Amino acid sequence: MTDPRGAPPAGHGGFGQERAQPLHNPISKTERTLFRYVVGSIGAFVLLVLLIWGGSGIYQHWRERHVLRRAAAYLSGGDVRAAALSAQRAYQLDPESVAAARMLAEIDEAAGNRSALDWRRRAVQLAPNSPADQIALAECALKFEEIGIATKALTTVSPSAQTAAYHACAGRLEEARGRPAEAREHWAKAVQAEPGNAGYQVRLATVSLILPDPAVQQKARETLEKMSRDPAQRAAATRALIADAAKRRNAERVLELARELEAFPEASFQDALLYLDILRQLRRPEFTAFLTTVEEKAVTHPADLALLVSWMNKSQLSALALNYTKGLDPELLKQWPVPMALADSYLGVGDWPGLATFTEGQSWSTLDFLRRAYLSRALREQRKTVAGDREWAAAIKETANQPRLVAVLARTVIQWRWIDEAVVLLWSLAKDPAERDEALSALYRYYSETGDTGGLYRTVSRLVEAHPDDLVLQNNLAQLGLLLDAEPERARKMAADLYQKKPDDPGPASTFAFSLFKQGNAAGAVHAMARLTEEQLRVPALSAYYGIFLVAAGEAEKARPYLAGGIDAPLMPEERSLFDQAQSKVAEPSPSALAAPPP
């Protein structure tokens, strides 16, 4: 009989009276043990990987912060080179680090390098929703006189983030634009947002000095005199009072204030240069002794040395700068930005062999393309054209696909009046969205000054592509298209559309009238211009056009005063030709005058 559970009956085939227990399968036990071992090993390995990965990230983050702290320490100590090396290392550790980009920007700003702009742009790219970085970019752009970049950066700041810092930056921007009234409004808002910020109060008073209202000026002057007794604000206030005294041509007051400013413990090296420059301009006998003092101060920091050499260059003292630096440590002269300032000294005295020798024996690191450009000029000036062209080609090659470097190179050769090279570089920059507007604006100025209507048309075409809603640009494009007969149908349609939108605007009205004139409808052209006020018609360019249309419509006598008013108008060659033709017709004697007998 069998047990229902399948076990043998008690007492049969067993070892006593206990019921027999089933035996474990030795093979299954081994498999389970092995399985647990494998699973445990894999889990431990995964855990180890996660720990290593996470720990590595933590370590990398710690290391980056440590390197950045070291860079900040170097920068505060004035060692720009060491600070740059540390910050570059932090950026290499994490190219997505906005903190590293900010630090590199600060370092380049301290050294006076325009590449600071690129690091500020990089910080904005990494933190697109950071108003602080947008404002910092605008501030940096203003330092390097890049008004277009500063304007664009500030427009990205949302209204809710327009803090005191925003209004302070906007105030500086309006000052740079030469609009003191608008600047004063922003500084007033900055003071309102932070009434305890004495620095903002100083800037508000400073910009108020420029306004034409004597009462406003006097109040600002009193504020600055008061602030000049505050140790925290006296330097900024005194600088403003110096500018005010200079504007009022009070030389003795300028000298007195500059002497006080330079003596402040917190005075900057630029303040010492300001005092030095005032001594030079006033031909004071203490100039030479103080120059020696400044020269001794400058050798402690490469950035200060570069400022001094640059000041000497601008003051037509390049020969003195070269003589002064001959006695300095050669290693100091290799630290950036000293090399470029010295290269400008060689330019200032026209020492082309010296410039060639100086630039051949150096490396300017990331700005080595500039060294090659200076070397190219030195060689070309010595009529070593082949070698000079070779260095220029190498400079161009080193800036390939790097718009910021191209921009630096373009600005340099524009100063040298290397027009052909500058135009090529500017058109290259026009392809880059970040540099496009500035490059096209420079091309616009160049083609306008040189009377190159075709180049101007090409430039405005690109500007319209970039800003399709800008009606002023559209009007300019239509006008140029009509002048050149370039896409005339499109130009006529554009002129008509703009006139329909703004018939009383002088720009669209004159362009639409010119379109009618080009089609042989002189009377229609006169009628379109007649909508404008007499004051508008007296603007030289509009006066010239109105005179041309009147002559074509057979109203020569009425045209005479308008043609006279348009003589000094800034006209392109094609416009000047039409103007001259109209003048010649007005100057021609009438048939009745020819028939009249002599007196």
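## Buried face of helix α10

In this predicted model, the buried residues of helix α10 are Q217, A220, R221, L224 and M227. Viewed along the axis of α10, these buried residues lie within an arc of 125°, so they line one face of the helix. An α-helix has 3.6 residues a turn, so residues three or four places apart point the same way.

On the face turned away from the buried side, α10 carries the exposed residues A215, K219 and K226.

## Extent and start of α10

Helix α10 comprises 14 residues, spanning 214-227. From its first C-alpha to its last it reaches 20 Å, close to the 20 Å expected at 1.5 Å a residue. At the start of the helix, a side-chain oxygen of D213 comes to within 2.9 Å of the backbone nitrogen of A215.

Q217 belongs to helix α10. Its relative accessibility is 16%, and Q217 therefore counts as buried, the cut-off being under 20%. When neighbours within four places in sequence are set aside, Q217 is in contact with S208, L209, L211, P212 and K247.

## S97 in the loop between α2 and α3

S97 is located in the loop that lies between α2 (80-93) and α3 (98-111). With a relative accessible area of 4%, S97 is buried. A polar atom of the S97 side chain lies 3.1 Å from the backbone nitrogen of A100.

Conventions: Residues are numbered from 1 along each chain as its sequence is written. This is a predicted model: local features need pLDDT of at least 70, side-chain atom pairs count only at pLDDT 80 or more; totals for chains, interfaces and linings use all residues. Side-chain values use heavy atoms; hydrogens and water are left out. Helices (H or I, at least four residues) and strands (E, at least two) are DSSP runs, numbered from the N terminus. The expected span of a helix is 1.5 Å times one less than its number of residues. Buried means under 20% relative accessible area, exposed over 50%, partly exposed in between (1.4 Å probe, protein chains only). The arc is that of the directions from the helix axis to the C-beta atoms. A polar contact is a pair of N or O atoms within 3.5 Å; within protein, one must be able to donate a hydrogen and the other to accept it, and residues adjacent in sequence count only if both atoms are side-chain atoms. Contact means heavy atoms within 4.5 Å.
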